[in-house]
Structure formats: structure tokens, C-alpha cells
Amino acid sequence: MPNRTGTSSLKWEKYSSSDVIPLWVADMDFKSPPSVVDLAVEISSRGNFGYGVCPESLYEIVIQRSSVYYDWSIDKQTIVWLPGMVCGLNIACKVFQQSASQVLTNTPIYPPFLTAPGYSQLKCTRVPMVVVENQYEIDFEKLLSLETKSGDLFMLCHPHNPVGRCFSQDELLRLCNFILERDLFVCSDEIHCDLILEKGLRHIPFASLNGEIADRTITLMAPSKTFNLPGFGCSYAVISNIKLRNKFKNAMRGIVPDPPAMGFLLAEEAYRNGEQWRIELIKYLRTNRDLAFSEISSLPGITPYSPQATYLMWVDARGLGIENPHSFFEDAGVGLSNGADFGNCGFLRLNLGCTRSLLEKAIERMKTAFLRLS
Ligand SMILES: Cc1ncc(COP(=O)(O)O)c(C=O)c1O
């Protein structure tokens with residue numbers, strides 16, 4: 001782990017003046033793959049930081065990966081580059097500003113899903129998920145009971161942040177039927193798609209289900225979470241419907257810049273030569289997940305959910321009977337994300353993307369805090 005203090009790191013600066021272990025924002029402490037780091041050094045040493053344009057070879061690797069990893073065939077012209085996923089979520093809402101009556105999303109959810117509709121003067125309809133056998137699931141009964149209007153937008157997070165679900169083909173097909181029957185559109189944020197931790201599961205892009213659903217879906221993807229490159233802002237949307245794509249591009253006009261040259265080049269390097277690193281990462285995260293899950297499960301009044309994907313663990317701390325579990329653990333020296341920001345008070349989110357020793361230290365601190373409680 002590189003020393004991140006004093007490096008303008010959002011994650012580490014938050015607690016720079018206190019002894020709190022930062023396990024909040026979705027940013028990992030690991031170095032990016034070695035060849036990506038080497039390339040960044042080489043580019044920097046050239047000393048020129050002018051505007052970027054997407055190299056043809058990045059299109060090629062994105063298209064090739066999509067086919068090999070996800071059995072999803074995409075064309076070059078369907079790809080729209082973005083400097084970040086959150087701006088993609090907001091642009092998607094802007095596209096539907098006039099035509100939709102609401103934006104539906106499953107809660108708990110990554111906070112920008114809750115704020116983006118409002119920034120486009122759209123109502124956000126929260127559809128709480130249900131827990132079945134220790135896993136969150138989409139509540140189809142609830143979904144079917146809702147009133148929707150033709151042209152409404154559904155914002156899907158798949159794999160899901162914060163509950164860590166890699167949705168199954170059955171669930172996706174049920175959702176797909178709902179979308180088609182109700183004549184809705186989808187923005188599917190798939191930023192965590194290369195981080196499937198659970199053996200035997202695979203990511204299925206929502207738009208890959210069939211041509212009809214592809215026609216009404218904006219898919220958002222990026223190498224940023226997988227290879228720890230979020231600071232280089234290189235993401236993309238895949239929109240096969242030309243009308244929808246043009247609307248998306250129009251909504252971006254004059255507001256959203258292209259990714260930086262460094263972002264394009266490092267994204268390509270990571271996709272081309274980061275696979276071995278990614279495989280090692282998954283193994284490491286899986287062990288971190290299992291360690292955190294078994295340790296936290298043993299604490300009374302607190303229920304962790306083991307993520308099938310992502311390096312984020314969702315934790316139900318309501319059983320502790322504490323008004324604010326977030327500040328309770330912060331006072332104990334562990335900085336987690338507050339579930340309230342995701343739509344669920346009394347919950348927490350723990351970032352497993354750190355060294356094992358740091359995770360163990362954080363868990364020890366949590367356990368010590370428990371002793372004070374009892
Ligand atoms: C589901 C999801 N979407 C988007 C983002 C942020 O993407 P970006 O930094 O590219 O805006 C995150 C980061 O945690 C995320 O988990």
C-alpha cells in the first residue's frame with residue numbers, strides 16, 4: 001500500500017488530523033497494475049498534458065472485452081466517452097427531464113442515484129429491496145404495485161452498490177419484462193462489473209438480455225473501480241439506440257468534457273495488461289470479505305451482508321440500539337460510510353479495498369468499541 005497521507009486523497013484527507021482508519025468512499029488503497037503505473041510515469045516524464053482523444057485501440061479493446069467477458073456484442077459508434085460515471089447518471093436524468101414523470105431506483109443505493117433525479121426536476125421513487133436468506137433482492141411485488149407512466153426512467157445499479165448483489169439472469173429477465181410491459185427506459189450503472197467475488201457467478205450486462213431491452217438502455221461502464229483509476233476520469237456509456245444516444249450527446253453538449261489523455265491511455269493499458277493483477281485482486285478482496293464477514297457476524301446486534309461483487313460490505317447496525325452507529329464507530333477510530341446517505345438510517349458501508357492488516361486493525365477497534373457498549 002502506498003502512503004496516501006498528504007497526497008490530496010479524498011479518502012485519507014477526511015481523517016488526516018485524527019486517528020481514524022478511512023474505510024468509507026469507494027476507492028482502494030492498492031497501487032494500480034504495475035504496467036499502468038509505469039505508463040503513467042512515462043507519460044508524465046514527457047511533460048505535456050494537452051487535450052485527449054480516444055485512441056482507436058481503446059475502442060478495440062473495449063469492444064473485444066465486452067464480447068469475451070460478457071458475450072455482449074457492441075459497436076464502436078454506440079460508445080460515448082465520459083469523464084465520470086456520476087455525470088453519466090445525471091446526464092441520463094437530464095435526457096428524461098421532459099418526458100418522464102419519475103425516476104425509479106432500488107434502495108439502499110449509491111447516493112448520486114437519489115440526488116440525480118432532483119437535479120433534473122424529476123421525482124425519485126425509491127423501491128426498497130427485500131432481504132431473502134441473508135441476501136438483498138429486488139422486491140418485484142412492490143415494483144409491480146407501483147404506478148408508472150410510459151417513458152419513466154429506471155436507474156439500475158448492477159452489480160449493486162451498496163448491497164453487493166450480482167443480479168442473476170432470472171432477476172434481470174423479470175426486471176426486463178417489467179420495463180418492457182411498462183414502456184420504461186433504463187440507465188444501468190455497471191461500474192463494478194469486473195469485480196465479481198463470488199465463485200460461479202458472472203456479470204450479465206442488462207442491455208445484453210435482448211435487442212428490445214438494449215434499445216431502451218443506457219449502460220455505464222468504466223475501468224476506474226476495477227483498476228483503481230477513479231482519479232483519471234475515464235468512463236463510457238453504451239447506447240445502441242441512435243435516437244437515445246443523440247439525446248444523451250445533446251444533453252452533454254457544452255457541459256461535459258472528454259476524459260483526459262492520461263485517462264484514455266491508462267484505461268487501455270489496464271484493460272490490455274491488467275488481467276493478472278485483477279485476478280489477484282479478486283482473490284485478495286475475497287479473503288478480506290470473508291474475514292470481515294465472519295468477524296462482524298460474531299458481534300451481537302450487527303448484521304453484515306457478504307457482497308457477491310464489489311469491495312463494499314453493507315452492514316445493518318440497527319440492532320445495536322445506538323442512535324448514530326456511524327459516529328459511534330468514527331469515535332472508535334473507524335471511518336465508515338453512513339447508511340443514511342444511501343437511504344437507510346442505522347446501516348453502514350465498509351470498504352474492503354485496503355490491506356489485510358489495516359482491515360484487521362479496524363475490526364479490532366470495532367470489537368473494542370463493542371466491549372465499551374456492553
Ligand atoms: C455504482 C457507482 N457508480 C458510480 C460511481 C462513481 O463513479 P465516478 O467516480 O466515475 O463518477 C461509484 C463510486 O463509488 C459507484 O459505486
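Reader: Does Phe96 count as buried or exposed?
Author: Phe96 has 4% relative accessibility; buried means under 20% relative accessible area, exposed over 50% and partly exposed in between, with a 1.4 Å probe and protein chains only. This is a predicted model, where local features need pLDDT of at least 70, side-chain atom pairs count only at pLDDT 80 or more, and totals for chains, interfaces and linings use all residues. Residues are numbered from 1 along each chain as its sequence is written, while side-chain values use heavy atoms, with hydrogens and water left out. So, at 4%, Phe96 counts as buried.

Reader: How many aromatic pairs does the structure hold?
Author: Rings of Phe, Tyr and Trp (its six-membered ring) pair if their centres lie within 6.5 Å; planes under 30 degrees apart count as stacked, over 60 as edge-to-face and the rest as tilted. With that rule, the number of aromatic pairs in the structure is 14.

Reader: Which parts does the pair of Phe96 and Phe185 tie together?
Author: This pair is tilted, at 5.2 Å centre to centre and 40° between the planes. Helices (H or I, at least four residues) and strands (E, at least two) are DSSP runs, numbered from the N terminus. Phe96 and Phe185 lie 89 residues apart in sequence, so their pair joins the loop between helix 4 (85-95) and strand 3 (102-107) to strand 8.

Reader: What about Phe329 and Phe370: which helices does that pair tie together?
Author: Their ring centres are 6.3 Å apart with planes at 40°, so this pair is tilted. Phe329 is buried, and Phe370 is too. The parts are 41 residues apart in sequence, so the pair links helix 12 (residues 325-331) and helix 13.

Reader: Which strands stand at the edges of the seven-strand sheet?
Author: The open sheet has the order 2-10-9-8-7-3-4, with mixed pairing; two strands pair if DSSP finds at least two bridges between them. Inside it, four bridges join strand 8 (residues 185-189) to strand 9 (residues 217-221), and these run parallel. Each edge strand has a single partner, so one side of each is left without a neighbour in the sheet: they are strand 2 (79-82) and strand 4 (123-128).

Reader: And in the four-strand sheet, which residue stands opposite Thr303?
Author: This open sheet runs in the order 11-12-15-14, with antiparallel pairing. Strand 11 (303-305) stands at an edge with a single partner strand, so one of its sides has no neighbour in the sheet. Three bridges join strand 11 to strand 12 (residues 312-316).
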